[in-house]
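Let's take a walk through this model, strand by strand and ring by ring. Have the sequence and the 3D view open as you read.

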Amino acid sequence: MNPPTKAVPTRRSWAEPFRIKVVEPVHTSTREQRDRAIAAAGYNTFLLRSEDVYIDLLTDSGTSAMSDWQWAGMMLGDEAYAGSRNFYHLEETVQKHYGYRYVVPTHQGRGAEHILSRALIKPGDVIPGNMYFTTTRLHQELAGGRFVDVVIPQAHDPGDEHPFKGNVDLEKLCTVIGEAGAAQVPYVSIAGTVNMAGGQPISLENLKAVRELTARHGIRVILDATRLAENAYFIQQREEGYSHCSIAAIVKEMCSLSDGCTMSAKKDALVNIGGFLGLNDPALYDEASNLVVVYEGLHTYGGMAGRDMEAVARGIEESLHDDHIRARVGQVLYLGDMLRDWGIPIVLPVGGHGVFLDARAMLPHIPREQYPAQALAAALYADSGVRSMERGAVSAGRDPTTGDERFPSLELVRLTIPRRVYTQAHMDVVGESVYYVFRERERVRGLRMTYEPRYLRFFQARFEPA
Ligand SMILES: *Cc1c(COP(=O)(O)O)cnc(C)c1O
């Protein structure tokens with residue numbers, strides 16, 4: 001915490017709506033140990049051992065702290081193979097808060113994406129969406145489809161402070177549907193918030209317009225509901241007419257403008273593992289609940305233990321409390337404001353689940369072919385033991401038809417904040433390390449890829465200094 005000063009307070013602070021009951025020690029290390037660890041990991045933070053990490057901001061996925069109520073629920077796991085009571089609790093909770101009629105449980109988000117893509121996409125189809133997500137797009141491509149980005153252009157500009165950078169460019173969507181023909185567009189894929197743009201929200205006004213436009217063509221809207229509660233917070237704070245609505249009410253309204261969702265419960269829903277598919281169409285549900293048996297598990301567990309489903313059900317309830325979401329996004333804003341005030345180039349406005357460093361602006365001396373974001377993430381780890389991840393050319397991978405590397409306009413390093421895990425003092429340590437690496441930025445060198453996996457290469461690729 002900051003040392004007390006003599007100045008009298010000029011504001012009234014608020015703090016997290018919880019206190020800490022269990023603690024988990026973390027390890028500190030020396031610079032020499034970290035230099036060795038990152039070299040052994042091929043300069044890829046995904047290949048570091050967790051024990052070599054001090055503050056882990058790799059991802060907010062599955063890394064949240066569960067509450068005492070969730071842990072208590074885990075003891076009530078009904079581990080029957082079929083018809084576990086925890087499944088029915090999960091189903092009721094999804095119906096109550098997201099409003100979908102049918103729920104297909106899956107082991108995590110990509111399980112739901114796989115099943116949905118197989119059920120809806122045929123070869124040659126086009127799936128427009130508000131910016132790609134790695135696993136979402138890959139499953140669309142593996143099913144024979146092609147993702148087309150229809151997010152507003154501001155989303156690709158890290159400095160543009162548009163309040164809803166996750167909005168769809170309606171004219172572009174219209175053009176894509178016109179060119180492909182509605183029969184070739186099985187659904188429009190809408191993420192709230194948009195992960196790859198920096199956790200940026202879509203407005204309800206825009207989602208309504210997408211709904212109207214697609215309804216005219218008989219095209220479905222499928223939400224990626226992974227961070228819908230965080231998106232709802234931005235709507236509550238920024239969109240006219242919603243400041244008096246609860247997060248839960250906004251989430252439900254968003255879902256009502258869609259035909260279904262894929263969900264990684266590892267994010268919003270405060271669990272370490274889990275996911276589901278929410279659907280309204282009975283025929284599509286039949287197909288999905290048949291496919292889930294092939295790829296995940298029976299349609300009443302879908303790859304989760306009974307206790308996991310109970311934790312998801314309880315986590316959904318907690319994720320929609322207004323005071324929870326304010327503290328969660330508030331902590332991200334705390335770190336983001338600190339870095340912005342120190343003149344460090346970050347994606348603005350600060351998003352819902354992390355602060356995204358603009359690696360191209362921070363390291364202009366490293367060419368794109370030498371992966372400046374990958375190099376920055378490695379340098380940050382070496383400086384302080386803070387683990388972040390690349391979200392740039394390495395994540396974007398190669399074009400499946402040409403085989404060429406894709407160089408997206410955004411070359412970012414993501415400092416992703418797990419929910420309810422770290423304190424404000426941890427955020428100070430992170431901010432100071434970013435500042436130090438930025439000040440000494442000429443010392444950061446580019447990287448050359450020495451091993452490239454075929455799918456989702458960012459997870460397992462290896463590098464060496466160029
Ligand atoms: C994490 C994530 C997914 C995939 O979910 P997993 O649980 O990691 O399989 C899909 N969409 C978005 C936006 C995500 O952040």
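Start with strand β8, where G275, L277 and L279 point one way, F276 and G278 point the other way, and all are buried. Buried here means under 20% relative accessible area, exposed means over 50%, and partly exposed is in between, with a 1.4 Å probe and protein chains only. Since 5 of the 5 residues of β8 (residues 275-279) are buried, the strand is largely enclosed by the rest of the structure. The strand and helix names come from DSSP runs numbered from the N terminus: helices are H or I with at least four residues, strands are E with at least two.

A quick word on ground rules. This is a predicted model, so local features need pLDDT of at least 70 and side-chain atom pairs count only at pLDDT 80 or more, while totals for chains, interfaces and linings use all residues. Residues are numbered from 1 along each chain as its sequence is written, and side-chain values use heavy atoms, with hydrogens and water left out.

Back to β8 and its partners. Two strands pair if DSSP finds at least two bridges between them. β2 (residues 102-106) pairs with β8 in the antiparallel sense over 5 bridges, and along that pairing V104 stands opposite L277. β7 (residues 260-264) also pairs antiparallel with β8 over 5 bridges, and there S264 stands opposite G275.

Now look at another sheet. It is open, has 3 strands in the order β9-β12-β11, and pairs antiparallel. β9 (354-358) and β11 (389-391) stand at the edges with a single partner strand each, so one side of each is left without a neighbour in the sheet. From one strand to the next, the twist averages 35°; angles run from 0 to 180 degrees between N-to-C directions, and axes are lines fitted to C-alpha atoms, for helices over the stretch in contact. β9 and β12 (residues 412-416) share 5 bridges, and F356 stands opposite R414 in β12. Helix α12 (residues 322-341) lies across β9 and β12, at about 25° to β9. Contact means heavy atoms within 4.5 Å.

How is the chain divided? The domain assignment gives domain 1 (31-60 + 322-465) and domain 2 (69-319); such bounds come from an automatic or database domain assignment. The domain centres, taken over C-alpha atoms, are 26 Å apart, and 33 residues of domain 1 are in contact with 42 residues of domain 2.

On to the rings. Rings of Phe, Tyr and Trp (its six-membered ring) pair if their centres lie within 6.5 Å; planes under 30 degrees apart are stacked, over 60 edge-to-face, and the rest tilted. The count comes to 10 aromatic pairs. Y81 and Y301 have ring centres 5.1 Å apart and planes at 75°, so this pair is edge-to-face. Y81 sits in the loop between α2 (68-74) and α3 (85-97), and Y301 in the loop between α10 (282-295) and α11 (306-319), so the pair ties together parts that are 220 residues apart in sequence. Y81 is exposed at 55% relative accessibility, whereas Y301 is buried at 19%. F458 and F459 make a tilted pair, 4.1 Å centre to centre with 40° between the planes. F458 is buried at 2%, while F459 is partly exposed at 25%. Ring pairs link F46, F458 and F459 into a cluster.
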